[in-house]
Amino acid sequence: MSEVEVSRRQFLQIGAAGTGVLGGLSPLGFDLTQAITVKQKLRIEGATVSHSVCPYCAVGCALLAYTKKNADGKVELLQIEGDPDSPVNEGRLCPKGASALQLAVSRRRVPSPMYREPGAKEWKTVSWDFALDRLARNIKASRDRTFVTTDANGNLVNRCEGIAFAGGAAFSSEEGYLATKLMRSLGYVYLEQQARV
Amino acid sequence: MTNHWRDIRHADLMLINGANPAEAHPVGFQWMMRAKIERGGKMIHTDPRFTRTSAVSDKHLRIRTGTDVAYFGGLINYVLQNNLEHKEYVRFATNASFVIKESYNFTDGMFNGFDEAKKVYDTTAWAYEIGPDGFAVQDIDHPRSVLNLMRAHYSRYTPEMVERITGIQRADFLEVAKLVGEMGRPDKVMTIIYAVGLTHHTTGVQLIRSGALLQLLLGNMGRPGGGMNAERGHANIQGNTDHAISWDILPGYLRIPAPGQKNIDDYIARSAAKKLHANSLNFFGANYRKFLVSLLKSWYGDAATAANDFAFAHLPKPASDASWLSIFDAALRGKMEGLMLSGMTATSIGPDSNQVLQALSNLKWLCVMDAYSTTSSEFWREPSIDPSKVQTEVILLPATHWIEKDGSFTNSGRWAQWKEAVLPPEGEARHDHWILAEVFDRVRALYKEQGGKYPEPVLQLVMPYKDVRRPELDEIAKEINGKDLITGQRLTGFALLKDDGTTTAGDWIYTGHYPESGNLTKRRDGIQDPAKNDPTGMGYYPNWAWSWPANRRVLYNRASADSLGRPWDPKRVGIQWDAVTGRWTGDVPDYPATADPAKPDSPLPFIMTGEGTGRLFSNGVADGPFPEHYEPIESPIDNPLHPKVSATPVAFKYDERAGRPNRFGTSADYPYVATSYRLTEHEHYVTQHVDQLVALQPEAFVEVPAELAKEKGIATGDRVRVSSKRGKLEVRAVVTARLGPLTIDGKKVYQIGIPIHWGFVGINTSQHWLANALTPFVGDASSRTPEFKAFLVNIEKM
């Protein structure tokens with residue numbers, strides 16, 4: 001991460017290219033470039049810039065994320081924009097990437113671990129300890145019930161047939177590798193992510 | 001992708017099939033526009049719909065969904081009939097001259113080797129003649145040479161037949177064929193770009209393969225501006241396919257072992273390619289053991305020894321396919337107890353969402369790890385379900401987002417790009433890898449306390465992290481890279497891996513991304529200084545991030561130059577032989593860096609195959625050594641090529657096999673062809689939680705061709721009921737000229753368009769219809785990819 005330079009070459013380049021289409025003038029007849037630049041500066045001045053990658057499709061657009069630590073110690077995400085240095089996207093983003101901030105920061109996030117008993121009509125809020133203990137016990141019980149050491153032909157197969165894991169297209173690669181490593185060592189054969197679907 | 005996004009700008013001709021990059025990959029699409037604007041490249045969009053991609057293409061061919069084998073087959077036939085293939089390339093870099101065994105046969109839609117009882121082909125029945133030297137016999141003029149068999153196979157794909165099957169009129173097809181035919185010249189290059197519009201079929205693998213065959217014939221594989229380029233639809237679908245979250249592989253595309261393989265020798269004998277030509281390097285096959293042993297050493301450490309065959313017994317050996325459809329089929333049969341879903345919602349994805357809901361209800365337990373609630377975490381209160389009748393225990397764990405953790409994403413061009421943790425976890429959210437590591441640690445503790453079935457792999461797994469419940473992604477990245485166990489140093493490349501247990505590598509294709517000098521996926525030498533950062537001027541930007549394997553930017557790039565190492569097109573160099581320095585220069589060579597091509601024993605160009613060449617004929621697929629057109633399982637017509645074998649005989653029909661009632665419809669009841677797709681403003685289902693995107697595309701709808709709408713009295717904005725044998729949608733109609741009628745085998749056929757994004761969870765919960773309630777529960781013979789993109793429906797005005 002690094003501090004934002006106030007006169008950001010990249011931004012000005014994009015700004016110039018963007019307004020060039022209109023010959024520098026808005027339909028109202030005056031040049032908005034300066035006003036937009038000033039507004040932008042105010043928004044991200046003094047912010048920390050981090051490097052990220054868009055979470056949506058697989059083009060892999062590089063992102064710049066601007067954050068600021070507020071007086072209460074909370075980190076606020078101010079803005080996400082395309083990284084102008086990237087040979088992939090050259091600073092550009094689509095509507096999804098451009099609204100990535102709303103995916104990152106949302107009132108709609110799952111607030112805590114939730115548990116739904118068989119037949120229940122509502123969720124119950126539970127602790128992490130409860131949820132992970134339940135999950136671990138479920139995995140062990142299902143693994144022990146459905147584990148096949150030797151198949152009907154006498155082959156050693158050491159597989160767990162009764163649990164499946166699916167997901168991972170939004171994981172970092174290293175998380176995905178860990179998932180494969182852990183699930184295979186538990187003997188899972190049903191392993192899937194979004195490649196087929 | 002064999003190539004990468006920026007590389008597309010080198011293309012003279014772009015065939016875009018089963019994709020709509022202008023809307024689904026808008027930023028990647030700039031490279032297609034750059035090819036068009038900067039070098040006059042031509043763009044051909046072949047798709048059921050006229051989209052924004054079509055609007056800027058030189059030609060839009062309206063094709064019936066699922067018939068691209070016929071289209072590509074027609075192009076292959078045109079090229080071969082007119083002798084337009086790149087002859088020198090075909091001889092040098094493909095298996096065109098290999099002779100096939102006499103038993104090979106294709107009659108009335110059936111290849112040889114079919115097992116009627118099991119409904120599968122014995123793929124070993126499609127084999128080369130082997131000579132006394134143990135290698136494949138080669139004679140390009142032999143009647144059974146691959147080239148001659150291919151000529152005969154595709155001779156049926158005349159422009160007239162292409163028109164009957166696809167609906168593309170003969171004159172339009174020939175106009176495109178003429179352009180394609182010019183791409184066999186060494187100074188021309190074509191790219192094929194596709195997305196799930198090509199893969200989501202019972203013939204999905206062969207749809208892609210037919211494009212690859214065309215590219216090999218034209219000499220376009222391995223060249224800048226060429227290749228077969230899958231766009232891919234999720235941020236890290238590539239990286240986590242590489243790392244094998246897929247039933248059939250281990251990291252780095254090593255096959256999962258099968259029952260009956262008692263040891264590594266057995267496994268290698270049945271998994272690794274065999275050398276089929278004296279000059280084939282067979283790099284993958286020859287080094288397979290090193291990659292597997294290094295993986296087992298990463299996982300089982302000191303418990304993996306030469307004496308115990310490096311703990312090979314610990315690897316699970318699946319009885320049969322265990323991919324997406326098979327998971328829900330097992331649940332429907334009562335064989336699946338638990339399911340863990342992360343960032344992936346079974347209910348919305350389907351196919352056949354109503355059947356998937358039943359499958360979820362059959363589970364003992366379901367765990368959903370996600371940042372937002374999903375149609376799976378909430379499945380038990382889907383509008384038609386009575387929760388009191390659902391006995392599934394459900395755990396929902398709040399997971400962090402991409403922006404709250406670091407780690408790398410690998411894009412579709414194979415570039416692994418590191419991202420930083422920008423924000424702390426929101427509220428109680430935890431990282432997925434922390435959840436998984438802690439759950440594993442708790443399971444391990446239970447096995448220690450209580451014992452249980454085959455606990456050894458659980459107890460012996462190496463977790464070499466400072467905190468086993470909270471590993472850092474940086475630590476895992478180093479593990480993936482691997483190291484020399486004697487020196488303790490991380491390795492700079494997979495060529496250093498050994499099969500004696502003295503090296504580790506969690507995923508050999510990523511070995512070298514994190515040497516002792518640092519994490520190369522963090523590199524950022526981009527377009528801020530092109531002169532310095534792009535020394536070849538070809539857009540490789542070798543010090544921006546890192547691409548697998550070995551930071552190579554174009555796969556198979558040895559084939560970008562002729563047998564003597566001279567580039568086919570000096571203006572677009574992939575790699576070339578520099579006799580002065582005795583090295584290959586340009587991109588990172590897909591070839592030994594100092595192998596002199598002038599030597600008679602220099603390796604053949606495709607170092608990853610046993611043949612040493614690209615494969616025009618292959619027994620690596622389940623449904624035929626040459627791609628053949630088969631109708632979708634639900635189709636409005638019988639296959640004009642062979643009406644008695646209309647659909648592929650080897651598609652796995654789960655319901656039929658399990659004795660469940662038939663869920664496929666016929667054109668008598670469901671007369672219209674339907675296909676599904678994404679919109680620019682949404683990504684699958686998660687964006688139903690994003691205000692701005694829901695505001696931009698708030699409501700579910702279907703697209704209805706104007707002529708059909710007129711017949712049915714449907715106007716834009718009317719509510720319509722679209723139904724298949726499996727379910728229905730009741731949504732608004734958008735009447736459009738973008739989906740015109742087609743004439744298929746003399747019959748008028750309409751196609752209806754169905755965006756997929758809505759469900760009963762999200763900001764706008766009134767939009768509760770699931771598009772995949774309509775789609776069929778059947779998949780491709782090789783990959784079991786579901787047939788989301790071609791099925792039959794009816795439509796009524798409500």
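The conversation below covers the interface, then strands, domains and backbone details.

Q: What kind of model is this, and what pLDDT do local features need?
A: This is a predicted model, in which local features need pLDDT of at least 70, side-chain atom pairs count only at pLDDT 80 or more, and totals for chains, interfaces and linings use all residues. Residues are numbered from 1 along each chain as its sequence is written, chains are lettered from A and ligands numbered from 1 in the order in which they are written, and side-chain values use heavy atoms, with hydrogens and water left out.

Q: How many residues does the contact take from chain A and from chain B?
A: It takes 119 residues from chain A and 169 residues from chain B, where contact means heavy atoms within 4.5 Å.

Q: And what area do the two chains bury between them?
A: Chain A and chain B bury about 12600 Å², with 60% of it on carbon and sulfur atoms. Buried area is the accessible area (1.4 Å probe) that two parts lose on being put together, summed over both.

Q: Which three residues supply more than any other three of the area that chain A buries?
A: They are Trp128(A), Tyr177(A) and Arg196(A), which supply 7% of the area that chain A buries against chain B.

Q: How many salt bridges are there between the chains?
A: There are 12 between chain A and chain B, and the count over all chains is 58. A salt bridge here is a side-chain nitrogen of Lys or Arg within 4 Å of a carboxyl oxygen of Asp or Glu.

Q: Which residue of chain A meets Arg6(B) in such a pair?
A: Glu90(A) does, with 2.8 Å from N to O. Glu90(A) is found in the loop between strand 4 (75-82) and helix 3 (95-98) of chain A, and its phi is near 50°, a positive value in a residue other than glycine. Helices (H or I, at least four residues) and strands (E, at least two) are DSSP runs, numbered from the N terminus.

Q: What is the partner of Arg109(A)?
A: Its salt-bridge partner is Glu404(B), at 3.0 Å from N to O. That pair crosses between chains, from the loop between helix 4 (100-104) and strand 5 of chain A to the loop between strand 14 and strand 15 (407-410) of chain B.

Q: How do strand 5 of chain A and strand 14 of chain B run?
A: Strand 5 (residues 114-116) of chain A and strand 14 (residues 393-398) of chain B run antiparallel and are joined by 3 bridges; two strands pair if DSSP finds at least two bridges between them. Within this pairing, Arg116(A) has Val394(B) as its bridge partner.

Q: Changing topic, which strands pair with strand 23 of chain B?
A: Strand 23 (residues 719-723) pairs with strand 24 (residues 728-736) of chain B in the antiparallel sense over 5 bridges, and a hairpin of 4 residues joins the two. Val720(B) has Val731(B) as its bridge partner in strand 24. Strand 23 is also joined by 4 bridges to strand 29 (residues 791-797) of chain B, again antiparallel, where Ser723(B) is partnered by Asn794(B).

Q: Where are the domain bounds in chain B?
A: The assignment gives domain 1 (5-233), domain 2 (248-318 + 472-513), domain 3 (324-411 + 415-450) and domain 4 (643-797); such bounds come from an automatic or database domain assignment.

Q: Which residues does the cis peptide bond with omega about 0° join?
A: It joins Gly350(B) and Pro351(B). Pro351(B) is found in the loop between helix 15 (346-349) and helix 16 (353-362) of chain B. The peptide bond from Trp548(B) to Pro549(B) is cis as well, with omega near -10°.
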